[in-house]
Amino acid sequence: MNKQSDRYFMGIALAESKKALPDCLPNPPVGCVLVKSGEIVARGFTRRPGSDHAEASALKEYTGSLRGVSAYVTLEPCSFQGRTPSCAVTLIEKGVAEVFVALRDPDERNNGKGIQMLVNAGISVEENVFAEDVAKFLSPYLAIENHDVVDREKFR
Ligand SMILES: [Zn+2]
């Protein structure tokens, strides 16, 4: 798949992520699209805290086989189980073929761990896809110094 189409699909994921506000707060607004054979087969965005993250929301919408499916996610899938299951684990268990990520999640509980989990599971990961545009939208989240719960409240 060429660079142009990767940027295109991440652009759609970015558009999805904008629908997450304000209900997702204090979690970051994230978007995800699933692509199979060059076609978008599902879209998702972060729901209210404790409900689906973008990846889970897109996976719920898609009932077909995940063989050959690529996931485009604006922020690194979470590595840890919080109020919801880890999205990295979910993507691995569902058998997604490859994952494109715009930005690493600066939250220290994640920060490369989610990507490492995917790589360790044999999933191809490409980072920095359409990163500048996504960073512009996520700048209030990226600017948080410490991503603990108290600091995240400021993101609200
Ligand atoms: Zn997640």
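Residues are numbered from 1 along each chain as its sequence is written, and side-chain values use heavy atoms, with hydrogens and water left out. Since this is a predicted model, local features need pLDDT of at least 70 and side-chain atom pairs count only at pLDDT 80 or more, while totals for chains, interfaces and linings use all residues.

Let's begin with the core. A nonpolar core here is a set of buried Ala, Val, Leu, Ile, Met, Phe, Trp, Tyr and Cys residues joined through side-chain atoms within 4.5 Å. Buried means under 20% relative accessible area, exposed means over 50%, and partly exposed is in between, with a 1.4 Å probe and protein chains only. The largest such core has 39 residues, and M10, L34, V99 and V134 have the most contacts inside it. Among the elements giving two or more residues to this core are α1 (3-17), β1 (31-36), β4 (98-103) and α5 (131-137). Helices (H or I, at least four residues) and strands (E, at least two) are DSSP runs, numbered from the N terminus.

What does M10 touch, leaving aside its neighbours within four places in sequence? Its contacts include Y72, F100, V129 and V134, where contact means heavy atoms within 4.5 Å.

Now to the metal. The zinc ion is coordinated by ND1 of H53 and by the SG atoms of C78 and C87, at 2.0 to 2.3 Å. Along the chain, these donors follow the spacing H-x24-C-x8-C. H53 sits in the loop between β2 (39-45) and α2, and C87 in helix α3, so this pair ties together parts that are 34 residues apart in sequence. Both H53 and C87 are buried. Donors are N, O and S atoms within 2.8 Å of the metal (3.2 Å for Na, K and Ca); water is not among the atoms, so sites may look incomplete.

Last topic: charges. A salt bridge is a side-chain nitrogen of Lys or Arg within 4 Å of a carboxyl oxygen of Asp or Glu, and by this rule there are six. One of them joins K19 and E16 at 2.7 Å, N to O. K19 is partly exposed at 49% relative accessibility, whereas E16 is buried at 4%. Another pairs D23 with R48 at 3.8 Å. D23 lies in the loop between α1 and β1 and R48 in the loop between β2 and α2, so they tie together parts 25 residues apart in sequence.
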